[in-house]
Amino acid sequence: MTACIVGWSHSKFGKLDGRDAEDLIVEVAVGAIRDAGLEPKDIDAIYLGHFNGGLVDQDFSASLVLQADPGLRFKPATRVENACSTGSAAIFQGLNAIAAKKARFVLCVGVEKMTSSPNDVVGNVLLKASYRKAEVFNEGGFAGVFDSIQKQYFQRYGDQSDATAMIAAKNHKNGSKNPLAHMQKDFGYEFCKTVSDKNPLVVGGMRRTDCSMVSDGAAALVLSDVQTALGMKKAIAFRASKHVQDFLPMAKRDVIAFEGPAKAWADALNDAGLSIWDLSFAESHDCFTIAELIEYEAMGLTAPGQGAKAIMEGWTQMDGKLPVNPSGGLKSKGHPIGATGVSMHVMAAMQLSGTAGDIQVKNPKLGGVFNMGGVAVANYVSILEPLR
């Protein structure tokens, strides 16, 4: 246990017209510092997660955090990027700074402004998280990438489209109760299962309800060392944290085995002295429903090829043995790339502090967070618990 989350803030996710990345950064940075009961001058270091990749003209965005307050001027600020796990990468840099005793309070911010770009631009930017030298997907952007994953999984283990529809329905039901979510509508299983005018195929066998949405949004949190956190008004501790990076080319891996996520989960649980069933809930990276399905196996809920059992038997529902994505996940909450990892940690902290409102899991003691960049390339797992 090296650090604790002592304050947080989260913007609404969605199509936020009239708001740019700077606006969103300022909103959550101010909110997180205030929530921690601190002044901006108390912050020792800043890490900003911002993928960008051409989504907006303003690059070199680390110093935009300083726009939140003059008291942040001259604080060291660094932008971090690691594909769709960019937000967690920023947090883990903060954990490293605290573990090295280089900082007492670290502000970690994640942001992305996506909806102001045309769909074809967004698609090309997201494909930068694949191995462009060899992996050319001419249709569907990153949905095309995961459609190829889904096809391989179905070829090996049989058609699991009922299970992926159930995952979509679960996450939309959860997200319908989350006021911060992009899509707050419970579509139901039949709608998610059925291809229709309102739920068309996006590419291959991927239904619209199988795909997370292009969103704008930001989230921020403040980290502190454990000793300092003992005197704070709230503190959610990192019992374990693991980052596992795998090969970028899919051809160098058994891509549907999700070996990187499996190792990250196993190492984190081992460090924490826990099994997966000790957790009260998990926030997991459901960029596409097939990803969440395979992640059940990587987490250790089921053997390979049997992930459908976890959703079809209700294990991962809000009232199941291990609720997964009580926030609605990326599927319903939205997936502003740089903000996602920070958002997942904020949602977990809210659960563990009993402040999650209508999406509150009953009496949570331990929470897991899994944030993934690319196709199981950058893999971050955190095990969180209340400090007291």
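In strand β4, Cys 108 is the bridge partner of Tyr 47. This pair belongs to the contact between strand β2 (residues 45-49) and strand β4 (residues 105-112), which run parallel and are joined by five bridges. Strands here are DSSP runs of E with at least two residues, helices are runs of H or I with at least four, and both are numbered from the N terminus; two strands pair if DSSP finds at least two bridges between them. The model is predicted, so local features need pLDDT of at least 70 and side-chain atom pairs count only at pLDDT 80 or more, while totals for chains, interfaces and linings use all residues. Residues are numbered from 1 along each chain as its sequence is written, and side-chain values use heavy atoms, with hydrogens and water left out.

Strands β2 and β4 are part of an open sheet of nine strands with mixed pairing, in the order β3-β2-β4-β7-β1-β8-β11-β10-β9. Because β3 (77-80) and β9 (281-284) stand at the edges with a single partner strand each, one side of each is left without a neighbour in the sheet. From one strand to the next, the twist averages 25°. Helix α8 (residues 259-272) packs on this sheet and touches β8 (236-245), β9, β10 (367-373) and β11 (378-386); the direction of α8 makes about 145° with that of β8. Contact means heavy atoms within 4.5 Å, and angles run from 0 to 180 degrees between N-to-C directions of axes fitted to C-alpha atoms, for helices over the stretch in contact.

Strand β11 contains Glu 385. Beyond neighbours within four places in sequence, the contacts of Glu 385 include Met 1, Arg 239 and Lys 365.

The largest pocket has a volume of about 950 Å³. Of its 35 lining residues, Arg 208, Cys 211, Ser 212, Met 213 and Val 214 lie nearest its centre, and α3 (119-126) and α4 (141-157) are the elements that give two or more residues to the lining. A pocket is an open set of points on a 1 Å grid over the protein atoms alone, with protein on both sides within 12 Å along at least five of seven lines; a cavity is a set where a 1.4 Å probe fits but cannot get out, and lining residues have an atom within 4 Å of a point. The largest cavity holds about 40 Å³ of space, and its lining includes Tyr 131, Glu 135 and Arg 253. Volumes are the space filled by probe spheres set on the points, which are joined across faces, edges and corners.
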